[in-house]
Amino acid sequence: MPSNSVQENNYMLNDLALQARQEHLPGAVQRVEQTDDHLFTFTTENGTRLLLHALSDKILRFRYLTPGSPSEPDFSYAVPDPAAERTMRPGVPSFLEFKEKSDHYRLTTGRLICIVWKDSLRTRVLDRSGNILSADEKGFHWHHDDDTGNDIVKMSHAVPSGVCYYGLGDKPANMNLRGQRFLNWGSDTYGYVKGSDPLYKNIPFFQVLQQRIAHGIFFDNTFKAFFDFAAERADVTSFWAEGGEMNYYFLYGPTLLEVTEEYTRLTCPPELPPLWTLGYHQCKWSYFPESNVKEITKGLRDRRIPCDAIYLDIDYMDGYRCFTWSPQHFPEPKRMVDELAQDGFKTVVIIDPGIKIDPSYPVYQEGLKNDFFCRRADGPLMRGSVWPGQCNFPDYTRPQVREWWASLFEGLIKDTGVRGVWNDMNEPAVFEKGTFPDDVRFDYDGNPCSHKKAHNIYGMQMARATAAGVKQFSYPNRPFTITRSTYAGGQRYSSGWTGDNIASWDHLWLANIQCQRLSISGFSFIGSDIGGFIDTPDGELYARWIALGAFHPFFRTHSSGDHGDQEPWSFGEPYTSLARHFIELRYQLLPYVYTTFWQYTTQGTPMLRPLTFLDQNDPETYLRMAEFSLGDNLLVCPITQAGADGRWMYLPKGEWYYYWTDELKDGGQEVWASADLTRIPLFVKAGAVVPMQPVMQYVGEKVVEQLTLHVYYKNGTADSVLYDDGGEGYAYHEGQQTTRRFRVTGDAQSLTLAQASEGEYQTPYSTYRVVLHGLPTAIATATADAQALSLGEYAATEITAAAPAIVVEVSFREVIISLAPPAAEVPAK
């Protein structure tokens, strides 16, 4: 009998253990409470709760709480607290109605209908026309993880035919994510390739395009998270995390562009950067000693290659100790930085999170004294090896630690004159194990947790603390920071790059895809290491890469010194001249790029837009990924194969001018773009006004006395915008900015350019040179505000066409170009 009892008890225990590990579903809804005007709490028979929050007419938040789970604070690093940070969170819905039906509840806003089924808590979201946008398959479900004590929370949605998925940050994969599976767990992935996963950044936001209608899903969960876009099962898309809450936002478009704008405003776009940060940057691991830095900067100026920023990697430090200078390599850093500044160079230095364990090192002493470093579960300090050797690591999730970290930048920024800071190794990366062990503890802004929860936001919070310090000590100038790792919302603290890539044609292709994907994931201030960080490109690859980089918001050459030189002149002629040519084009386009950045900061509009974002009604765009626009009016398609003298590319709807020849092409078709090494396939939208400035060696080298407006004829009407505030300081917050809106209206008889201006900033330029592209016939007369104008010419170059030009006052209201009638056809004999 005793043995039988033991056996029975064992069966009982095993059965209970199985029950504890089984998958759980919410069950039937028992009650609903409306706790304020737009928050509804659904409670099921087993105690599961759904908090359904209508944030606006277009944004619904779904927050699920499992039975018995503690009522944790509603805290997010991605969505800023309006009381604590600059925010652009949406207001309340303009319309809200809640009704109970026989088998479901129905919540209606001005743009959406949300159905919650009574029997299962499953949901469905529709637009007001009744189109199903999202429908739960199994919906919310979970199971308990015995090893961690967390609930593994899961969500599954049904996948209709033809649906496409985009976004998710820096994934090096095809633009359309359908049929693929991904992991968010920030990782130092040296020499990654197409398909490597995970990489450095953790942005759990993606767009869904279904029946030409777009919405987005933002899964705000910082634990290790997984995304299956109909990979395991063709009719199910799912996302889940190894802890935390099932907390996601549904963001309605109906266009893809609007989805990204809604997400970026929710998580908050950045402030405007200083204009010089949109110029060209030169970097290497490493430029040292001082004589080498001066040799590089002299080489740029002597060769007349524009450049605004020079970078110092880890070798500028004393034994890789952060916030120090090597007395051997840089004995007088302030003098050097001042001399570089006199020649137009802004110095940017690297700062990593690892603080060397050294009792004589003041930063280490302060961190240790104030208990600012991360600890293991049983109390010891977290130790790990990075470049300085054994290090401790600050807990950036503690407000006091962020304040301390920010204060450390006084010496670099205020005293020495450094203009920017570059955060690296902040996934966090540790040589022994890749990253911190799971048991490392974090404050998490008063919500204590382990590394499993804090890992994916560590780099973001380091960038946050860095940005605060650089901003404080840069004043009255604007700050500049760059980070390798981040989380959703990290765009408000820093720019970024795509990490340790390789000098290969495959990686040039990847750079194009990754920068587009990050831009539509809310992180527009992005670029790649031009030419590749690992290995050495040949001249052709470097020339093609710098041509692409000229159209990325962050424009920097960076390489590992182990693999040879990679300055713009390192490959000899004709490649030096080609690099100069594309860098000069970038400096000419700075007014356009800066205006595009202003649209990003004010509306959340991505700076880089994939082809699908330009015309989601055309299925031909759904799988294409090479073509993208920079801003409203420039369409770019890089050459990513050796030996090519052009490429086939797809033009979206509308009419497009080939930048180099002014040849007009109809959209909605594939075209051949001839492009030797002096060109990148570049088209301008018909009706566009593209502002350009004179070439200069660095921002502020000379006063821009005249701005050029390139106006492209359109038989119809089109609008463009130009924003200016001087590109530095904060006076734009007090109205010292000018927004000029242009309208082009064309027909067979005339072309009219109208301008409306608002704002108080007085631009240094007093005139525009208006260059008229694509006019169907010759000009008969030209007037500005009824005053006759004389006609000039925009001279042709070896690679661009000539065009008629006029000069007008910057304050003009209306320019009218009267066109001569077409030449009469000569009758045949």
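Analyst: Happy to. A salt bridge here is a side-chain nitrogen of Lys or Arg within 4 Å of a carboxyl oxygen of Asp or Glu. By this rule the count comes to 46 salt bridges. The model is predicted, so local features need pLDDT of at least 70 and side-chain atom pairs count only at pLDDT 80 or more, while totals for chains, interfaces and linings use all residues. Residues are numbered from 1 along each chain as its sequence is written, and side-chain values use heavy atoms, with hydrogens and water left out.

Let's begin with Arg-61 and Asp-74, whose side chains meet at 2.7 Å, N to O. This pair links distant parts of the chain, 13 residues apart: Arg-61 is in strand S4 (residues 59-65), and Asp-74 is in the loop between S4 and strand S5 (96-100). Strands (E, at least two residues) and helices (H or I, at least four) are DSSP runs, numbered from the N terminus. Arg-61 has a relative accessible area of 9% and is buried; that word means under 20%, exposed means over 50%, and partly exposed is in between, with a 1.4 Å probe and protein chains only.

A second pair is Arg-335 with Glu-332, where the closest N and O atoms are 3.2 Å apart. Arg-335 is partly exposed at 29% relative accessible area, and Glu-332 is also partly exposed, at 45%.

Now for Arg-484, which forms a salt bridge with Asp-500, their closest N and O atoms being 3.5 Å apart.

S27 and S28 are part of an open sheet of nine strands with parallel pairing, in the order S29-S28-S27-S24-S20-S19-S18-S31-S30; two strands pair if DSSP finds at least two bridges between them. Its edge strands, S29 (526-527) and S30 (529-530), each pair on one side only. Elsewhere in this sheet, S19 (residues 309-312) and S20 (residues 346-351) pair in the parallel sense over four bridges, and Ile-310 stands opposite Thr-347 in S20.
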